[in-house]
Amino acid sequence: MSEPIAADPRPQPGGEHTWAAYRALARTCPKTLKTGLNLAFYRCFAVPGIARVLAGSGGITRRPTARAKATGAHLFRLLEEGFGTAAARETVRHLRAVHRGLPADDGAYAYVLGLFCVHPLRFMARYGPRPATAAERDAAYAFYAELGRRMGLTGLPPDFGALAAFTDAYEARRLRPTPEGRALWRAARQVFAERLPAPVAPLGPVLAECLLDEAVRAALGVGRRPRPLRAAAGGALRRYLARAENP
């Protein structure tokens, strides 16, 4: 991959108020969005080029829980603090350094950014307390677009709907099974258990498999779980998130 173009460090017109609605959503539904982010990240494993990069770095296969927590912590810290603090600037510098020189193009970066922006909100609409509003979707796009700009990403689709369409089209063209993708899935699927209460945490890997759609399951070598099991898993997850977000 070519090295990302240097990002303009100056804030863009609008500033943090443009993603305030998404920040408020993350404060009120943190478990839902973080669980959705976990599942979104798994989709990367089904894209051969991205799977090779992730497997080559070794972080996920050796320390899957630490890697997943670090990714979520970086994103939610920036969402909470904005990009103007010294800590935020250091986080962005760290992210740029980690990704510099990796063999992936801007399309792969835009796809991953789209996963993190779009799929947690789709997950929330299906399993969370309520769907995101149009204003919250626009705010999510504003946040991730600013993150992408600061990472040096160019050519990002212009709004949430266009980013969602780009992400779906990217997957339709590229999802394929690979040994690297299957190895990443075997290492990381246990991380889903971290989001669940202790009594059902051992079921985390099976629950995660039930929540994957058919194309991703096929690419990761995951067998189709019986319909009653998938329905039960979805219902249990909805009840858990409803309680977790409304204590």
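The model is predicted: local features need pLDDT of at least 70 and side-chain atom pairs count only at pLDDT 80 or more, while totals for chains, interfaces and linings use all residues. Residues are numbered from 1 along each chain as its sequence is written, and side-chain values use heavy atoms, with hydrogens and water left out.

I begin with the chain as a whole. The chain has 13 helices and zero strands; helices (H or I, at least four residues) and strands (E, at least two) are DSSP runs, numbered from the N terminus. Of its 247 residues, 49% count as buried, where buried means under 20% relative accessible area, exposed over 50%, and partly exposed in between (1.4 Å probe, protein chains only).

I turn now to one pair of helices. The axes of helix 1 (residues 20-28) and helix 8 (residues 134-150) come within 7 Å and cross at roughly 105°. Axes are lines fitted to C-alpha atoms, for helices over the stretch in contact, with angles running from 0 to 180 degrees between N-to-C directions. The two helices are therefore roughly perpendicular to each other; that label covers 65 to 115 degrees, with under 35 roughly parallel, over 145 roughly antiparallel and the rest oblique. Ala21, Tyr22 and Leu25 of helix 1 meet residues of helix 8, including Phe143 and Tyr144, a contact being heavy atoms within 4.5 Å.

Finally, the cysteines. The whole structure contains zero disulfides, defined as pairs of cysteine sulfur atoms within 2.5 Å. Cys29 is buried at 5% relative accessible area, and Cys117 is buried at 0%.
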